[in-house]
Amino acid sequence: MEKTLLNVRNLTIDIPVGGGTLHAVRGIDFSLNRGEVLCIVGESGSGKSLTSLALMGLLGKKITPRADEMSFDGINLLKAGSRQMRALRGARMSMIFQEPMTSLNPAYTIGDQLIEARMLHGGASRAEARARAIELLEKVGITAAASRLSQYPHQLSGGLRQRVMIAMALMCGPELIIADEPTTALDVTIQAQILRLLVDLVREMGMAMILITHDLGVVARVADKVAVMYAGGLVETGPAADVFGQPRHPYTRGLLACIPLPGKTERGAPLGTIPGIVPSLVGEVSGCTFRTRCAEAGPDCRGTIPLRGEGAHEFRCVHAEGRRVSEQEGA
Amino acid sequence: MLDRAGAAHPTLEIRNVTKTYSVKQGLMAKPKPLTALRDVSLSLRKGEVLGLVGESGCGKSTLAKILLGLEAPTEGEVLVDGQALGSHDRLALARRIQPIFQDPYSSLNPRKSIADIVSLPLRIHGIGDAASQKQAVRDMLDVVGLPARVMNSYPSQMSGGQRQRVAIARALIIKPEVVICDEPTSALDVSVQSQILNLLGDLRREFGLTYLFISHNLAVVEHLATRVAVMYLGRIVEEAEAGDLFDAPAHPYTQALLKSVLTPEPGLGVPDTQLGMAYPNPIDPPSGCAFHPRCPKAGPVCSATAPVPVPMREGHVECHLFDPKSPLYEDTSR
C-alpha cells in the first residue's frame with residue numbers, strides 16, 4: 001500500500017462576517033498519495049480555493065482552519081508554526097496561482113525570482129540555483145532559457161509567464177504541488193500544452209498534485225481522483241472514471257448536463273441547467289445544501305445526509321442511488 | 001466570403017478592413033505599428049449565428065469594435081445593408097446593432113439601479129413614456145429570467161450570471177436585429193453559462209436575431225453557431241458552415257484548435273496539439289504564412305509566401321495545402 005502523503009479529515013473553515021459566521025468549508029475529507037493527481041472541482045464560492053490556502057497555511061491571521069487531521073508526510077499542519085510552514089512552503093509544498101501576472105513581482109527579473117527560492121530553501125549557491133533555473137525553464141518548454149532569466153514578467157506572454165510560475169514551483173523539487181486554476185486565463189491550445197506538461201512532471205518526478213478548477217473537461221483529462229465541491233462541502237468523491245462514468249450525486253449529474261458535448265449534444269438543443277442559486281452559508285447550515293436546487297429533493301433532505309457509495313467512489317445524498325425515483329421503486 | 005446567389009445584402013459586412021494601432025515601445029523608442037486586422041472581409045447574414053474563434057490577440061475583439069462602429073478601420077469599409085456605416089445615422093444604427101460584452105462586472109454602471117440601466121436605451125431613443133418604459137423593463141427582465149423585484153437593486157447586489165442577464169436585457173430592450181456577443185459567458189460558472197446559452201438560443205428563435213458570437217470556447221461555438229470564422233493573427237484563415245468546419249476542419253490551425261478542446265471524457269488524457277508553443281508577436285509577425293512557425297505541416301513555401309484565400313465549401317481556407325497553385329498542394333490529395 002502506497003504511503004499517504006496528504007491526509008485531511010473534517011477540515012472546517014469559518015469566516016467571521018458582519019452579522020454572523022460564514023461556513024465557507026464544512027467538514028471535508030480527502031487524501032492524496034505520491035504520483036497522484038486530485039482534482040477539486042466546483043463553482044465560484046464553493047470553497048475550493050480556501051481549501052488550498054488552508055493547506056498552504058496562507059489563510060491569514062483572521063481565519064483559523066479547524067480539522068480532525070491535516071497532515072503532510074506525518075507533519076501536523078494545524079500545529080505547525082509560521083516558521084515551520086515557511087520552511088515547508090516553496091521547499092516541499094508549492095503553489096501555482098491562476099493569474100501569473102499578479103503572482104510574479106514586476107520589479108524583479110524572472111531569474112532573480114526563480115533563483116531566490118532555491119537559495120532560500122535549498123541552501124544552494126547562486127550559480128547552482130541559476131543552473132537549476134535554466135534546466136527547469138527548458139523542462140517547461142521555454143526556448144533560449146538562459147536569456148529569459150534577465151527578462152521581466154511584462155516582457156513575457158501569458159502562456160510563458162504561467163510556465164515560469166510552474167518552473168518556480170518546481171525549483172526546490174516539491175513533493176506536493178497545488179495548482180489553483182492554472183490554465184483558466186490561457187488560450188485552449190496553451191491550456192492543453194500546460195496541462196500535459198504538469199501531468200508529465202507529476203508522473204516523472206513522483207510528485208502529488210492538487211488541481212483546482214471549475215472546468216470539468218480539464219478534470220476528466222487530468223485527474224486520478226475527483227472531489228466535487230458544492231457550497232463548502234464535498235458532495236461526491238472517487239476515481240475520475242467512476243465519477244464521470246456513473247455520476248451519483250444530482251449536482252455532479254447536473255454539472256455534466258450543462259456542458260455541450262461535441263458529437264453528443266445535438267447542436268442548438270437546449271442544454272441542461274441547474275435552476276436557482278447557491279445558498280448563503282452565513283448562519284446555521286443544515287441538511288443537504290443542494291436541496292434548494294435539486295429536482296430529487298424531498299423533506300428528508302433537511303436532515304442528516306449519509307455518506308453512501310462503495311469503495312473509493314462516495315457521495316452524500318439521502319437517496320440510495322442519488323435519485324428519488326429508484327428508491328421508491330425499491331420500497 | 002461568397003454571397004449566395006440571389007441573397008440580399010448581408011446585414012453587416014466588412015470589406016478589406018485593415019486596422020493598425022501604434023504601440024509605444026519605451027520612453028525614447030519610436031512607436032511601432034501593430035496590425036490587428038490585415039485585409040479582412042467578413043459578412044453577417046440575417047438570422048445566422050456567426051461564431052468567431054481564435055486565440056487572445058488574434059483580432060477578434062478589434063473586429064467586434066469595428067462592426068459596432070466603436071473603432072474606425074485604418075483601411076477598408078464597413079457596410080450596413082450594403083451602405084457605408086458612416087452614411088447611417090448613429091442613433092439608428094445603435095437601435096439595430098447592440099453589444100453584449102464579456103465582463104458583466106465592468107459593463108454596468110454601479111451607481112444606477114437595474115431599472116435605470118435596462119431602460120436607458122428606451123430613454124435615449126425616446127421610445128414610450130415613463131409608464132410604458134417601466135412596463136417594457138418588467139417584460140424584458142421576465143424574458144431574461146430575472147424577477148421584477150431586481151428593478152430597484154444595484155449591480156453590486158447581483159451575481160455574475162444575473163448581471164450578464166441584465167446586460168442582455170439592456171441590449172435587447174430596443175429589439176435590435178444584430179447582437180455582437182464578445183465572450184458573453186467566459187466569466188461565468190458552467191451552470192450559469194448553460195442558462196445564458198439557452199437564453200440566447202430562445203431569444204434568437206423568438207425575435208429572429210442575428211448574432212456574431214465571439215468565443216474561445218469551441219464546444220460552446222459548436223453548439224450555437226451556424227457558421228464559423230477562425231482567426232489567426234489578424235487574418236480569417238478558415239470560414240465554413242459550422243457542421244462542415246467541426247466535422248472536417250481543413251486548416252491545420254483549426255485542426256489544432258479542435259484537438260485542444262477538453263471534453264469531459266476520462267481516460268483520454270490531455271491531447272498533444274503538436275503546436276509549437278509560442279504565439280507570435282503581433283508587432284513582428286512571421287514571414288509568409290503567419291502560422292508557419294507552429295504548423296506541423298509547414299513546408300518551405302510557407303515561410304516564403306503568404307497563402308491566399310482558396311474558396312472551399314461555403315467559405316474559404318487560407319493555406320498552401322489547399323491551393324492548387326502551391327507546391328504543397330499535391331502532397332495532400334484530399
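A helix here is a DSSP run of type H or I with at least four residues, and a strand is a run of type E with at least two. I note at the start that this model is predicted.

**Entry 1: the annotated span of chain B.** I looked up chain B in UniProt, where an unreviewed entry lists residues 12-258 as "domain: ABC transporter". I then checked the make-up of residues 12-258 of chain B and found 37% helix and 26% strand. The end C-alpha atoms of this span lie 27 Å apart.

**Entry 2: chain A against chain B.** How many residues of chain A are in contact with chain B? I found 41 residues of chain A in contact with 39 residues of chain B. I then asked which helices of chain A supply at least two residues each to this side. They are α8 (188-205), α9 (216-222), α10 (240-245) and α11 (250-258). Of the elements of chain A, α8(A) gives the most, with eight residues. I sorted the residues on the side of chain A that touches chain B by type: 22 are nonpolar, 14 polar and five charged.

**Entry 3: domains within chain A.** I looked up the domain assignment of chain A. Domain 1 is written in two pieces, 4-92 and 178-330, and domain 2 covers 102-171. I took the C-alpha centres of domain 1 and domain 2 of chain A and got a separation of 31 Å. Ten residues of domain 1 of chain A are in contact with nine residues of domain 2 of chain A.

Note on methods
Residues are numbered from 1 along each chain as its sequence is written. Chains are lettered from A and ligands numbered from 1 in the order in which they are written. This is a predicted model: local features need pLDDT of at least 70, side-chain atom pairs count only at pLDDT 80 or more; totals for chains, interfaces and linings use all residues. Two residues are in contact if their C-beta atoms, placed from the backbone, lie within 7 Å. Ala, Val, Leu, Ile, Met, Phe, Trp, Tyr, Cys and Pro count as nonpolar, Asp, Glu, Lys and Arg as charged, and the others, Gly among them, as polar. Domain bounds come from an automatic or database domain assignment. UniProt positions are given in the numbering used here, feature names are shortened, and annotations may be inferred rather than shown by experiment.
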